Amino acid sequence: MRLGVLDVGSNTVHLLVVDAHPGARPLPAHSHKAELRLAQLLDDDGAIGPEGVDRLVTVVRQALQAAEDKGVEDLLPFATSAVREARNADDVLARVRAETGVELTVLSGAEEARLTFLAARRWYGWSAGKLLVLDIGGGSLEIAYGMDEEPDAAVSLPLGAGRLTAAWLPGDPPGPDDVRALRRHVRTEIARTVGEFSRLGAPDHVVATSKTFKQLARITGAARSAEGLYVQRELKRASLESWVARLAGMTTAERAELPGVSEGRAGQLLAGALVAEGAMDLFGVESLEICPWALREGVILRRLDHMGQG
C-alpha cells in the first residue's frame, strides 16, 4: 500500500510518501516539503500567531493535495514540539482539522525519541548492539538508548536549533558573550540527563539523525546526499569542535555558502553545532554515524507493525 507521513515539525512541514507492506523495507516514492519555522513564529506569550496558523493551514492543505495526487491510501499526520508546546495548541489543531479535515496527532517528546530509536534500530539491526541515538530538531533534542526496539531510556530536551537561535543568538554573526551563554545553557541541560544513561553502560554504536546532524557531518567532510543512502557518514567530535568557532564567526549568508547547508537552515546551524558538540562531549562520544532513517520512518514502521498484527 502507499502510505503518507505528514510531519508538522518546528522547521518544516514534510510529506513523505512510501510504498510499503508489513515485513518489507518502505520504499520512498515522493517527498513534499515547505519551510514554516513554527518555532520562530511564537508570540511573546508562547502562542502561534494568526499569521503562523494561516500559513500552517495553507501548507497542510497543499500537502494533502500532494498526497491525493500521489495516490496515498493512508495518511499519518503528526506534529512535534512547536505545536506541542504552543500555548494555543488546542485552537491550532482545531483550526487545522476544521479547514483541512486533517487530525494532527501531537507526539510527546518521549514518543519522538522512541519512534526515532525504532527507525535507527531497524536500519542498523540487532548486530549494532546497544544503541545511543541523538536527534536535533527545530524545537527539541531527543536522546534514546537501548538494546531492543524499545529504548531503555528516552528523553526530550528543549534544545532544538531553531528554538535556541531565536532565544539566545540575536546577532548576525552573534556576539561572543551570547555564544558562550548558549554553550553554558546547552551543557547544563544535557548534563542533567547523562546519569540516567551512563548507569545503563557504554553504547556499542552511537548514531544521529536529523538535518542538523547531516549538515554538520557534510561540512566536516562526509559524503554528499547525492551519493546515496547507503554511504557511511560519520561526524567526529574533533572535527566538529574545530568548526564551532568558525561557525560562530560567520554570518548566516556565509554559512549558507557551506557545502550541504540550505539557506533556510543556515541561521540555526551554530546553535545546532553547540548542541551536537555538547551532547558528544558529555556522553563521551568521539565519533558517531549518521542514520538515514529518523522519526518519519519510525512512524511508518510502527504503523506497518500494527498492520501486520491486525
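Colleague: Which residues line the second largest pocket?

Modeller: This is a predicted model, in which local features need pLDDT of at least 70 and side-chain atom pairs count only at pLDDT 80 or more, while totals for chains, interfaces and linings use all residues. Residues are numbered from 1 along each chain as its sequence is written, and side-chain values use heavy atoms, with hydrogens and water left out. On a 1 Å grid over the protein atoms alone, a pocket is an open set of points where a 1.4 Å probe fits, with protein on both sides within 12 Å along at least five of seven lines; lining residues have an atom within 4 Å of a point. Here the lining consists of Leu-75, Leu-76, Pro-77, Phe-78, Thr-105, Leu-107, Glu-111, Arg-114, Leu-115, Val-299, Arg-302 and Arg-303.

Colleague: Which elements give two or more residues to that lining?

Modeller: Helices (H or I, at least four residues) and strands (E, at least two) are DSSP runs numbered from the N terminus. Strand E4 (74-79), helix H4 (109-124) and helix H12 (295-309) each give two or more residues, and E4 gives the most, with four.

Colleague: What is the volume of the second largest pocket, and how many of its lining residues are charged?

Modeller: A volume is the space filled by probe spheres set on the grid points, which are joined across faces, edges and corners; for this pocket the value is about 300 Å³. With Asp, Glu, Lys and Arg counted as charged, the lining has four charged residues, beside seven nonpolar and one polar.

Colleague: How many salt bridges does the rule give?

Modeller: The rule asks for a side-chain nitrogen of Lys or Arg within 4 Å of a carboxyl oxygen of Asp or Glu, and the count comes to 24. One of them joins Arg-122 to Glu-149, with the closest N and O atoms 2.5 Å apart. Arg-122 lies in helix H4 and Glu-149 in the loop between strands E7 (141-146) and E8 (153-157), so this pair ties together parts 27 residues apart in sequence.

Colleague: Is Arg-187, which meets Asp-281 in a salt bridge, buried or exposed?

Modeller: Buried means under 20% relative accessible area, exposed over 50%, and partly exposed in between (1.4 Å probe, protein chains only). Arg-187 is buried at 14%, whereas Asp-281 is partly exposed at 29%. Their N to O distance is 2.8 Å.

Colleague: Which residues form a network of salt bridges with these two?

Modeller: Arg-187 and Asp-281 are linked in a network with Arg-237, Glu-241, Glu-277 and Glu-286.
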